[in-house]
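Please look over the sequence and the 3D structure shown here before reading the briefing. The notes that follow are meant to be read beside them.

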Amino acid sequence: MTRTAQWAYAWLMLLPAMALLALFTHYPAAATAWHSFNSTPKGARSAVFVGLDNYRQLVDDPVFWQALSNNFWFALYTIPASIALSLLMATWVNGKVAGRGFLRLAYFTPTILPMIAVANIWMFFYTPEYGLLEQVLGAFGAPSHNWLGSKSTALPAIMVVTVWKEAGFFMIFYLAALQSMSPNLAEAAAIEGASRWHFFRRVTLPLLMPTTLFVLVNAVINAFRMVDHIVVMTRGGPDNATALLLYYIYEIGFRFWDSAYAAALTMVLLAILGLLALAQFGFLERRVHYR
Amino acid sequence: MTHVYDSRGIPRAIETAAAWLLGVLWVLPLAYAFWTAFHSGEYSTRFVLSAPLTLDNFVRAWAAAPFARYFVNTVLLVTMVLAAQLVLVTLAAYAFARFEFPGRGLLFALVLVQLMIMPDVLIVENYRTMALLGLNDTIVAVGLPYMASAFGIFLLRQTFKTVPRELDEAARIEGCGPLQVLWKVYVPLARPVYLAYALVSVSYHWNNFLWPLIITNSVESRPVTVGLQVFSATDQGIDWSIITAATLLTTAPLLVAFLLFQRQFVQSFMRAGIR
């Protein structure tokens, strides 16, 4: 095959995938930027260039700041909690714990259920008076509490659901990494007299570093992408206590139909994801040196 | 195989107990949903072992909403997305793995953009595009943004790169064109990766919710997740027996498939994660 024929072949094979990517990833990302500098078209009035107006509105919007800070706390609590739990789970089901098969199944099952179904089940779990949580707490004499209905507990309640859903998913990656580790390492360390904790901290944990990075990146993306349970359980309430950034974009874009302001909000989300990508590449560069 | 660092004695007992406590916590919400769905309303909060089992909640849920249609929609959606993904992703991955051409690095970088900026966050603009294309409220519109999958391209490219060049060249000497080589050498060798990708893709799109919620508007196009939400958000608000029955009903195919092919599922998710 001549060189030009090879080029043509490659380009033709790439064409369908690249066309769809351009239409539904690259173009919308660029269009979001453009629309964030325009007004929302209403009826006969078409969109006009308004400069930074949408961003000014954003800076002055208390709900935006609340959604951003909710999202920040949401990420800060759920990510370490689910990663730590998943590592613990993986260590357990990698060892010789009794009932290993059942435990693996139990930890992993939430992963394959749709978030919306999970949210329904947990909503029932949290229901005031009837819910299981209330009954258990009631048995200990605790007063009744509306977990999803009060500002102070709604977001933590949502976080628990998220950790429950995600830990089993991350466990899989740690389990895969643990199973690929050579048992000779442990034997060598035992001969050297290293304690179990020392071995875990100095050998296992560093060797799991690439997995932790992979899991971490996915966890951060999910923290900004997963809002299905918000739609079902709280609709951002009470009083915006559980509004996350993407959920707020959804509300502005599809309940108030203010597409220009939604575009400005989306730009913030894209900026966060972009920063994450840069951070990840920074890490990857460093990882290459270890190989 | 013995692990030198497996715990023994009392620490071991404590660890086993902790692992089981966590395991019980993890199945509790599901077990609770099963209890409620299979018992009549008055037992939904009273746990009496002698409570009579009933399928009544499932019958009522099935009759109260067009779940059969929703299932058809979801199956159509998942099949369509997977079929398109397999074709597009295979062609693109082959080009990136085994062809030299100008712009390869740039194009690959453009593909990787989608790993970070997924269609899930571009809902506002994609809705606008679908309206322009006249596709709003169709099953095609639900699947279209996901058909070119950066994740799939990346995964298969890595796999294709591990195929020995000699096999490729041998097939070419026998007179195979590039597409025949792809079909006869690369695709068969990547079969486990295809299985892994298919399982991940099917469960992702079976479970996807926000985008379908936005883009669909009628019974004819709604997938089962959105159907479930529409069902539980309306008048049923208080009848938890029916809602949990509907929830289990809509997840049953996935749950059964998972229980049957547990090992494949877990291995597939592992394989898809190590890249």
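The points below go from the overall fold to the contact between chains, and then to single residues.

This is a predicted model, in which local features need pLDDT of at least 70 and side-chain atom pairs count only at pLDDT 80 or more, while totals for chains, interfaces and linings use all residues. Residues are numbered from 1 along each chain as its sequence is written, and chains are lettered from A and ligands numbered from 1 in the order in which they are written.

**Overall form of chain A**

- Chain A has 13 helices and zero strands, where helices (H or I, at least four residues) and strands (E, at least two) are DSSP runs numbered from the N terminus.
- The radius of gyration of chain A, taken over C-alpha atoms, is 24 Å, well over the 19 Å that the globule rule gives for 291 residues, so chain A is more spread out than a compact globule; the rule itself is 2.2 Å times the number of residues to the power 0.38.
- The C-alpha trace of chain A spans about 80 × 80 × 30 Å along its principal axes.
- Of the 291 residues in chain A, 40% are buried; a residue is buried if 20 or more other C-beta atoms lie within 10 Å of its own, exposed if 12 or fewer, and partly exposed in between, with C-beta atoms placed from the backbone.
- Among contacts in chain A with a separation of 6 or more, 69% join residues 24 or more positions apart, a contact being two residues whose C-beta atoms, placed from the backbone, lie within 7 Å.

**Contact between chains A and B**

- The contact takes 79 residues from chain A and 77 residues from chain B, and helix α1 (residues 3-35) gives the most to the chain A side, with 20 residues.
- By class, the side of chain A that touches chain B has 62 nonpolar, twelve polar and five charged residues; Ala, Val, Leu, Ile, Met, Phe, Trp, Tyr, Cys and Pro count as nonpolar, Asp, Glu, Lys and Arg as charged, and the others, Gly among them, as polar.

- Leaving aside neighbours within four places in sequence, B:Ile153 is in contact with A:Ala17, B:Val89, B:Ala92, B:Ala93, B:Phe96 and B:Val111.
- B:Ile153 is one of the buried residues of α7(B), and ten of the twelve residues of that helix are buried, so α7(B) is largely enclosed by the rest of the structure.

**Domains of chain B**

- The C-alpha centres of domain 1 and domain 2 of chain B lie 33 Å apart, and the contact takes seven residues from domain 1 and six residues from domain 2.
- The side of domain 1 that touches domain 2 has three nonpolar, four polar and no charged residues.

**Two buried residues of chain A**

- A:Tyr250 lies in helix α12 (residues 245-254) of chain A and counts as buried, with 23 C-beta neighbours inside 10 Å.
- Beyond neighbours within four places in sequence, A:Tyr250 is in contact with A:Val227, B:Ile123 and B:Leu210.
- A:Leu269 belongs to helix α13 (residues 259-290) of chain A and also counts as buried, with 21 C-beta neighbours inside 10 Å.
- Beyond neighbours within four places in sequence, A:Leu269 is in contact with A:Phe224, A:Leu245, A:Leu246, A:Ile249 and B:Val121.

- Most residues other than glycine have a negative phi.
- A:Arg235, in this loop, has a positive phi near 50 degrees and is partly exposed, with 14 other C-beta atoms within 10 Å.
- A:Asn240, which is also placed in the loop between α11 and α12, has a positive phi of about 65 degrees and is partly exposed, with 19 other C-beta atoms within 10 Å.

Notes:
Domain bounds come from an automatic or database domain assignment.
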